[in-house]
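The following exercises are to be worked with the sequence and the structure in view. Each task is followed by a solution in steps.

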Amino acid sequence: MEKLQLFEGSLPVEQITNSWYEEFKSSNYGAIITFVGVVRDENSIDGLSFDIYEPILNSWFDSWQKKANEKNAIVLMAHSRGDVLNHESSYIAAVCSPKRRVALEMIDEFVEDFKAQAPIWKYDIINGKRVYAEDRSTKIQGSGILN
């Protein structure tokens, strides 16, 4: 099973989380902590749309997998490309660990670092058009000459 999965459109939450549970429940992990992000209905948007730069995302995710492995844990992630309407999911993350404290701390760190570092560009969907959500975007460290 791929630990990083990308989907077109909204995520099939139950399918993804159930497959992770089925895959890892017998791997002697005492904790499987899952975070599901849901698109909120705010600012008169119809949803969000996402572009992903996969080479940097893969490198970022691999670095997290190494951090997790040092603690006998693994990280899992699914994210949407394209349009995701309000009240649907665009992001799911999980940490599997023998110890609950490791999983609880790591899921928090992973989700926060994802928001700050992952090369995923977010657009608001307003009246069927994609509008770059600059006010809610974070510049990726090292992404430009003027950083």
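**Exercise 1.** Determine how helix H2 (residues 54-69) and helix H3 (residues 100-117) are arranged in this predicted model.

*Solution.* 
Step 1. The axes of H2 and H3 come within 12 Å and cross at roughly 160°.
Step 2. Angles over 145 degrees count as roughly antiparallel, and therefore H2 is roughly antiparallel to H3.
Step 3. The crossing of H2 past H3 is right-handed.

**Exercise 2.** Identify the residues through which H2 and H3 touch, and classify them.

*Solution.* 
Step 1. H2 contributes Trp-60, Phe-61, Trp-64, Lys-67 and Ala-68 to the contact.
Step 2. From H3 come Met-106, Glu-109, Phe-110, Asp-113, Phe-114 and Gln-117.
Step 3. Sorted by type, the residues of this contact comprise 7 nonpolar, 1 polar and 3 charged.

**Exercise 3.** Locate the partner of Arg-81 in a salt bridge, and state which strands the pair links.

*Solution.* 
Step 1. The structure holds 5 salt bridges.
Step 2. In one of them, the side chain of Arg-81 meets that of Glu-8, with 2.7 Å from N to O.
Step 3. Arg-81 lies in strand E4 (residues 74-85) and Glu-8 in strand E1 (residues 4-8). The two residues are 73 residues apart, and the pair links distant parts of the chain.

Technical notes. Residues are numbered from 1 along each chain as its sequence is written. This is a predicted model: local features need pLDDT of at least 70, side-chain atom pairs count only at pLDDT 80 or more; totals for chains, interfaces and linings use all residues. Side-chain values use heavy atoms; hydrogens and water are left out. Axes are lines fitted to C-alpha atoms, for helices over the stretch in contact, and angles run from 0 to 180 degrees between N-to-C directions. Helices (H or I, at least four residues) and strands (E, at least two) are DSSP runs, numbered from the N terminus. Angles under 35 degrees count as roughly parallel, over 145 as roughly antiparallel, 65 to 115 as roughly perpendicular and the rest as oblique. A crossing is left-handed if the near helix is turned anticlockwise from the far one by less than a right angle, and right-handed if clockwise. Contact means heavy atoms within 4.5 Å. Ala, Val, Leu, Ile, Met, Phe, Trp, Tyr, Cys and Pro count as nonpolar, Asp, Glu, Lys and Arg as charged, and the others, Gly among them, as polar. A salt bridge is a side-chain nitrogen of Lys or Arg within 4 Å of a carboxyl oxygen of Asp or Glu.
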